[in-house]
Amino acid sequence: MLLTITTTYQPATDIGFMLRKNPTRCQDFMLPFGKAYVFYPEATEKKCTVALLLDIDQIGIVRGKQGPKSGMLDQYVNDRPYAVSSFMSVAISKVLGTALNGKCNQKPELVDTIMPLTAKLSVLPCRRGGEPLLRKLFEPLGYKVKAKREPLDTKFEEWGEGPYFTVEISRKTTLKELLNHLYVLIPVLDNSKHYFVSDDEIDKLMDKGKGWLATHPEKDAIARRYLKHRTSLAREALSRLMEASTLKDVTEELNLEEESLEKKISLNEVRLGTVLAVVKNSGASSVLDLGCGEGKLLRLLLKEKQFSKIVGMDVSVRSLEIANERLRLESLAPVMRERISLMHGSLLYRDKRIEGFDVATVIEVIEHLDAPRLAAFERVVFEFAKPKTVVLTTPNIEYNVVWDLENDDTIKKLRHRDHRFEWTRKEFEVWGQEISKRFGYNVRFLPVGDEDKRLGPPTQMAIFER
Ligand code: SAH
C-alpha cells in the first residue's frame, strides 16, 4: 500500500526538511508489522513528491505477533498488504512523526506554512459508505476529492467492485494538518484497526483531531468508527469533544470578562499568591493544576524549585494552546521542560494520569460545572485521583453586591456568564464538610482577598488534607 504526498510550494524540496527525510535517498524502517520505505519519485524545486510505501509482513501479523486477531486477520490471505489501513496511520506516526506533530528544527517557519498539497492513497477501502462517505469526511475539511473505484480483480470482472478506491485529496493547508487528517480518517474509512482499542485511543483522537474534529459534521461517525464501535469510548470521546468545542470559543472571551471585572482589586493576583503560598507550605513536590486555563498558576509554580513535577490539565484545547505559548514550553531549557507538562482532559472522567500527586489545585473551576456534573467531579478528584492535598477556590456570592454587578437578574447576579452557580460562605462550608467526611479528608477554609465585615471575602478557599 502506498501513500504519496505532492507539493508545488517553492522550493518544493523543503518538504524534505519537514519530514526529516532527504529527497535524494531511499530509506527503510522496521515496524512491528513489516517494513516502511520512504522515497521521492520526483524532487525538483518546482514539484516534489514523497512516497511512503508499506510492505506488510502478512504471515507475521497472522501468526500473532500482533496480539488478538479477529475476522479477516485470521487468514493468511487478506487485504492488509494492499489496503491503506491503520497500519498506515501507525507508519505515519512512527516514520513521519516530526511532521505529524508540527516540529521542524531546521526550518521551523515551515510548520505553519500553508502550501498546495495532494495526497494519493492506493488503495483506500471505504467500507460501509463508499465514495459518499469519503466525500463526507474530507470535503467539509476543504479538500477536493477524486476517487476511482477499483474492481476486486481485473481477471474476474464478474466479482464486481470492492470497497477499494484510489483516492486523491488536494487542498492548500499545512503538512501537519494534512497528516493529522489522514492519521484519523484512514482507519475511519477502513472501519477497522489492527490492534485492540483501549482508553488511550480517545487521547490520540483528541490530540490528532485538535482544531478540526469538534466542528466536523461527521464527528459522531468518526468517533464511533475510530474507536472500533466501542460505544462507551465513543460516548466519552463525543462528550469530551462537545465540552471542548462549546468551551473553546467562549473560554477566552469569558476569561477576559471575568478578569476585567476582578481587576479592580487585582483579586486574581491575590488569589494566585495565596494558592501558591498554601501549596508551598504543604511541602509538595508534585502539583496538578486542574482546570489550569491559560496557565497563570503554572507559571508561578514553575519558578519554584521545590516543585519537580507540575502538570496542568484543562478540557479546553484553546486554553492549553495559549498556556503552551505563554509558558514558552517549546523553548524552555530541558531541565525546566522536564518538570512541566500540559494535558487535555476532563474533570468529569476518571483518569489514571491524574493519580498520585501531592497537591491538586482547582482554582475557580467548580462553578463552571453543572450541578449533576459536580458529583462526577467529586469522585474523580477525591475518590480516584486522591491527591494528598486539594486546594480549591470558588467565588463567594455574598460579596458580589460590592461590585454592583450589572448582570441580568435571571442569572442571580453571578460573577460571570459561564458560572453555573456561586455559593455563599455557608453553602461552601457545608459542601466542603460533606466532601471531607465522605472521602476521608480534613478540611479548613481560608478567605482570599479583602474581606468585607458583613459579606466576607470575594473568594473562598478550602484546603482538604488526607
Ligand atoms: N484555574 C484557572 C482557570 C479558571 S477558568 C485560573 O484560575 O486562572 C475555569 C477553567 O476550567 C477553564 O479553563 C475551563 O476550560 C476549565 N474547565 C471547565 N470545565 C472543565 C472540566 N470538566 N474539566 C477540566 N477543565 C474544565
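Student: What makes helix α5 (residues 130–138) and α6 roughly antiparallel to each other?

Tutor: α5 and α6 pack at an angle of about 160°. Angles over 145 degrees count as roughly antiparallel, under 35 as roughly parallel, 65 to 115 as roughly perpendicular and the rest as oblique. So α5 and α6 are roughly antiparallel. Their axes are 11 Å apart; axes are lines fitted to C-alpha atoms, for helices over the stretch in contact, and angles run from 0 to 180 degrees between N-to-C directions.

One caution: this is a predicted model, where local features need pLDDT of at least 70, side-chain atom pairs count only at pLDDT 80 or more, and totals for chains, interfaces and linings use all residues. Residues are numbered from 1 along each chain as its sequence is written, and side-chain values use heavy atoms, leaving out hydrogens and water.

Student: Which residues make the contact between α5 and α6?

Tutor: From α5 come Leu133, Leu134, Leu137 and Phe138, and from α6 come Leu182, Leu185, Val188 and Leu189. Contact means heavy atoms within 4.5 Å.

Student: Why is α3 called roughly antiparallel to α6?

Tutor: The axes of α3 (residues 86–95) and α6 (residues 175–190) cross at roughly 160° and come within 8 Å. That angle makes α3 roughly antiparallel to α6. Ile92 of α3 and Tyr183 of α6 are among the residues in contact.

Student: Is the crossing left-handed or right-handed for α3 and α6, and which is it for α5 and α6?

Tutor: The α3 and α6 crossing is left-handed, while that of α5 and α6 is right-handed. Left-handed means that the near helix is turned anticlockwise from the far one by less than a right angle, and right-handed that it is turned clockwise.

Student: What makes β10 (340–344) and β13 (442–448) edge strands?

Tutor: Seven strands form an open, mixed sheet in the order β10-β9-β8-β11-β12-β14-β13. β10 and β13 each pair on one side only, which is what an edge strand does here. Two strands pair if DSSP finds at least two bridges between them. β13 and β14 (residues 459–465) have seven bridges, in the antiparallel sense.

Student: How many residues of the protein chain are buried, as a percentage?

Tutor: Buried residues make up 50% of the 466 residues. Buried means under 20% relative accessible area, exposed over 50%, and partly exposed in between (1.4 Å probe, protein chains only).

Student: And how many helices and strands are there?

Tutor: The protein chain has 15 helices and 14 strands. Helices (H or I, at least four residues) and strands (E, at least two) are DSSP runs, numbered from the N terminus.
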